[in-house]
Amino acid sequence: MLFPPLLIEKGESNVHRDILLKSHDEKHPSTELQHLLTSIGTKVKAEKDTYLFHAGENAHEIFFITSGLIEMTLLTSDGKELSLRICKGKDMIGELTLFDEKSKYFLSARVIQPAEIIMIPKRKLEKELMTNNALTMEYMKWSSDHMRKFQSKIRDLLLNGKKGALYSTLIRFSNSYGIQKNNGILIDLALTNQELAKFCATTRESVNRMLADLKRLGVISMVEKGKILIEDMQYLRDEIGCENCPIEICNIN
């Protein structure tokens with residue numbers, strides 16, 4: 001596997017705090033499962049713009065993020081890069097490859113903000129889970145929730161068109177990185193139109209036009225450092241027939 005320049009950390013290191021992320025009651029591994037992951041894994045640091053793994057590589061490790069941001073992408077048949085997740089602290093990646101000896105990574109994992117992660121050998125985790133029924137059931141439930149989340153994202157992309165894909169992406173970002181303000185919800189993560197386009201399987205020009213329409217309607221506005229303020233969340237939900245999915249399903253990480 002082509003592995004990035006990761007720096008092995010023996011001691012504690014400072015948590016990267018370039019942005020303030022909203023705290024949600026999202027589903028994360030329990031304290032017991034987190035303790036297991038940290039006890040059998042190796043703490044590493046990953047630099048910005050490096051890759052933890054690439055799609056199609058043999059899956060030998062699972063990664064538990066303690067800080068930083070990791071973008072999960074997929075290269076389409078026509079050479080376009082599709083973004084599916086932005087993962088942060090307490091998220092796990094590569095988790096769906098467990099208990100499959102010949103599994104390969106389905107997505108690529110690119111570091112977009114310097115990260116601290118726990119790298120866990122699959123076989124070691126599988127061995128530990130086989131001796132703990134409670135944690136095994138929790139892991140299976142947690143993986144199932146992530147599969148449901150992935151399926152809901154694909155559904156939004158396929159059934160709602162480009163406009164619906166953008167609207168649902170904005171809603172998901174607000175659930176993961178939103179901060180409540182007096183006049184709406186601020187997505188506390190600077191996003192370029194090109195980055196948004198990668199989440200919507202469309203072009204930057206299309207996103208430009210759709211965002212301009214939303215600004216004209218007073219649904220969104222652009223604030224500090226290119227961040228988006230959603231002023232009329234109900235409009236976005238009505239336009240895509242939002243089903244009010246629980247936050248552990250309707251998020252971007």
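Rings of Phe, Tyr and Trp, the last by its six-membered ring, are taken as a pair if their centres lie within 6.5 Å, and by this rule the count in this predicted model comes to six aromatic pairs.

**View 1. The tilted pair of Tyr-167 and Tyr-235.** The two rings lie 6.3 Å apart, centre to centre, with 55° between their planes. Distant parts of the chain are linked here, since Tyr-167 belongs to helix H4 (residues 161-177) and Tyr-235 to helix H7 (residues 233-240), 68 residues apart. Tyr-167 is buried, with a relative accessible area of 3%, whereas Tyr-235, at 24% relative accessibility, counts as partly exposed.

**View 2. The edge-to-face pair of Phe-173 and Phe-199.** The ring centres of Phe-173 and Phe-199 are 5.2 Å apart and the planes stand at 80°, so the pair is classed as edge-to-face. This pair, too, links distant parts of the chain, with Phe-173 in helix H4 and Phe-199 in helix H5 (residues 193-200), 26 residues apart. Both Phe-173 and Phe-199 are buried.

**View 3. A cluster of rings and a charge over a ring.** Phe-53, Phe-63 and Tyr-105 are joined into a cluster by ring pairs. At Tyr-177, the charged end of Lys-88 sits over the ring, 4.7 Å from its centre.

**View 4. The packing of helix H1 against helix H3.** Helix H1 (residues 31-40) and helix H3 (residues 133-159) pack at an angle of about 100°, their axes being 10 Å apart, which makes H1 roughly perpendicular to H3. Glu-32, Leu-33 and Leu-36 of H1 make the contact with Leu-135, Glu-138 and Tyr-139 of H3. Of the residues in this contact, four are nonpolar, none is polar and two are charged.

Conventions:
Residues are numbered from 1 along each chain as its sequence is written. This is a predicted model: local features need pLDDT of at least 70, side-chain atom pairs count only at pLDDT 80 or more; totals for chains, interfaces and linings use all residues. Side-chain values use heavy atoms; hydrogens and water are left out. Axes are lines fitted to C-alpha atoms, for helices over the stretch in contact, and angles run from 0 to 180 degrees between N-to-C directions. Helices (H or I, at least four residues) and strands (E, at least two) are DSSP runs, numbered from the N terminus. Angles under 35 degrees count as roughly parallel, over 145 as roughly antiparallel, 65 to 115 as roughly perpendicular and the rest as oblique. Contact means heavy atoms within 4.5 Å. Ala, Val, Leu, Ile, Met, Phe, Trp, Tyr, Cys and Pro count as nonpolar, Asp, Glu, Lys and Arg as charged, and the others, Gly among them, as polar. Rings of Phe, Tyr and Trp (its six-membered ring) pair if their centres lie within 6.5 Å; planes under 30 degrees apart count as stacked, over 60 as edge-to-face and the rest as tilted. Buried means under 20% relative accessible area, exposed over 50%, partly exposed in between (1.4 Å probe, protein chains only). A charge sits over a ring if NZ of Lys or CZ of Arg is within 6 Å of the ring centre and within 35 degrees of the ring normal.
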